[in-house]
Amino acid sequence: MVLIELINVKKRVGSEEILKGIDLKVHKGEFLAIIGASGSGKSSLLYIMGLLDFPTEGEVFFKGQQVSSMDSQMVSRIRNESIGFVFQFHYLLPEFTLLENVMIPMLKKGIQRPQAEERARELLKSLGLGGKEKRKIYQVSGGEMQRTAIARALANNPEVILADEPTGNLDSKNTAIVMQILQEINRSGTTVVMVTHELELAKKANRILQMKDGLLVL
Ligand SMILES: Nc1ncnc2c1ncn2[C@@H]1O[C@H](COP(=O)(O)OP(=O)(O)OP(=O)(O)O)[C@@H](O)[C@H]1O
Ligand SMILES: [Mg+2]
């Protein structure tokens, strides 16, 4: 089954075309890595795949449904409930605890507090953060923040995790931990799309695509 499909997607910003016609199918259950040099358009592509941004030309389909035909409520619902995002710069809320950060997507979905808290605790525990739930984001290490971001991305049991340089600012030990977690998530059935500029990390995926100057070249 095709989960996300892009057909001739172009993105223009001012006079510059940063995506120049991308055709891409993400299949349910796969672990796809997208590599490419800095500035080649990887993040821009991921934002469009995650319905955080929209193409200036071309079409995006989520589970066969054309995104441009959806109303904004539906788009936000897919984003919050079906897609989990892990970014290089975490976008976690620094003044909130790890627990609260992981609970937020569930509360947004309408899940009751006690249930949200229980699941958030379980997720944090499974990512090795048991006992640190009540710390604030600024009180944990980069690796722990990244694992919190993964816990948050998993909160609503999404169909796909989109990860943009998820190990970008981590040392080799934490990189290995995060990669292992992403592989486990994928083995348990969740589709994973990971952007990285490191070929060694991309090799952990089932499929590697390369971007160059706004195009997929491989
Ligand atoms: N909002 C924007 N306005 C103008 N230019 C942009 C915008 N977003 C991205 N770009 C440009 O588009 C190109 C692709 O950017 P993008 O962030 O997608 O690259 P990337 O492959 O993710 O790079 P990196 O590996 O450094 O993260 C770059 O030249 C960038 O400067
Ligand atoms: Mg980027």
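For the residues around a ligand, Ala, Val, Leu, Ile, Met, Phe, Trp, Tyr, Cys and Pro count as nonpolar, Asp, Glu, Lys and Arg as charged, and the others, Gly among them, as polar. The figures show a predicted model, in which local features need pLDDT of at least 70, side-chain atom pairs count only at pLDDT 80 or more, and totals for chains, interfaces and linings use all residues. Residues are numbered from 1 along each chain as its sequence is written, chains are lettered from A and ligands numbered from 1 in the order in which they are written, and side-chain values use heavy atoms, with hydrogens and water left out.

**Figure 1. The residues around ligand 1.** The shell consists of V13, I18, A37, S38, G39, S40, G41, K42, S43 and S44; a residue is near a molecule or strand if one of its heavy atoms lies within 4 Å of it. By class, three of the shell residues are nonpolar, six are polar and one is charged. Helix α1 (residues 42-49) supplies the largest share of the shell, three residues. Helices (H or I, at least four residues) and strands (E, at least two) are DSSP runs, numbered from the N terminus.

**Figure 2. Polar contacts of ligand 1.** A polar contact is a pair of N or O atoms within 3.5 Å; within protein, one must be able to donate a hydrogen and the other to accept it, and residues adjacent in sequence count only if both atoms are side-chain atoms. An oxygen atom of ligand 1 lies 2.6 Å from a polar side-chain atom of S38. A polar backbone atom of G41 is 3.0 Å from an oxygen atom of the ligand. In the side chain of S43, an N or O atom is 2.8 Å from an oxygen atom of ligand 1. On its own, ligand 1 has 630 Å² of accessible area, of which the protein covers 57%. Accessible areas come from the Shrake-Rupley method with a 1.4 Å probe; for residues, only the protein chains shown count as cover.

**Figure 3. The buried side of helix α1.** Buried means under 20% relative accessible area, exposed over 50%, and partly exposed in between (1.4 Å probe, protein chains only). In α1, the buried residues are K42, L45, L46, I48 and M49. They lie on the same side of α1, because they cover an arc of only 160° around the axis; the arc is that of the directions from the helix axis to the C-beta atoms. M49 has a relative accessible area of 0% and is therefore buried. The C-alpha atoms of M49 and L162 are separated by 8.3 Å, although the two residues are 113 residues apart along the chain. Just after α1, L51 has a positive phi of about 60°.

Figure 4. Helix α4 (residues 113-126) has 14 residues, which at 1.5 Å a residue should span 20 Å; its end C-alpha atoms are 20 Å apart, which agrees. The expected span of a helix is 1.5 Å times one less than its number of residues. In α4, A116, A120, L123 and L124 are buried. They cover an arc of only 95° around the axis, so they are on the same side of α4. The exposed residues P114, K125 and S126 are carried by the face of α4 turned away from its buried side. An α-helix has 3.6 residues a turn, so residues three or four places apart point the same way.

**Figure 5. The enclosed helix α5.** The 13 residues of helix α5 (residues 142-154) should span 18 Å at 1.5 Å a residue, and its end C-alpha atoms are 18 Å apart, which agrees. Twelve of the 13 residues of α5 are buried, so this helix is largely enclosed by the rest of the structure. Among them are G143, M145, R147, I150 and L154.

**Figure 6. Two loop residues with positive phi.** Most residues other than glycine have a negative phi. K63, in the loop between β4 (57-62) and β5 (65-66), has a positive phi near 45°. Its relative accessibility is 41%, so K63 counts as partly exposed. E165, in the loop between β7 (160-164) and α6 (172-187), has a positive phi near 50°. At 8% relative accessibility, E165 counts as buried.

Figure 7. I83 belongs to strand β6 (residues 83-86) and is buried, with a relative accessible area of 4%. The C-alpha atoms of I83 and P158 are 5.1 Å apart, while 75 residues separate the two along the chain. A202 belongs to helix α7 (residues 199-202) and counts as buried at 0% relative accessibility. Its C-alpha atom is separated by 8.2 Å from that of L32, which lies 170 residues away along the chain.
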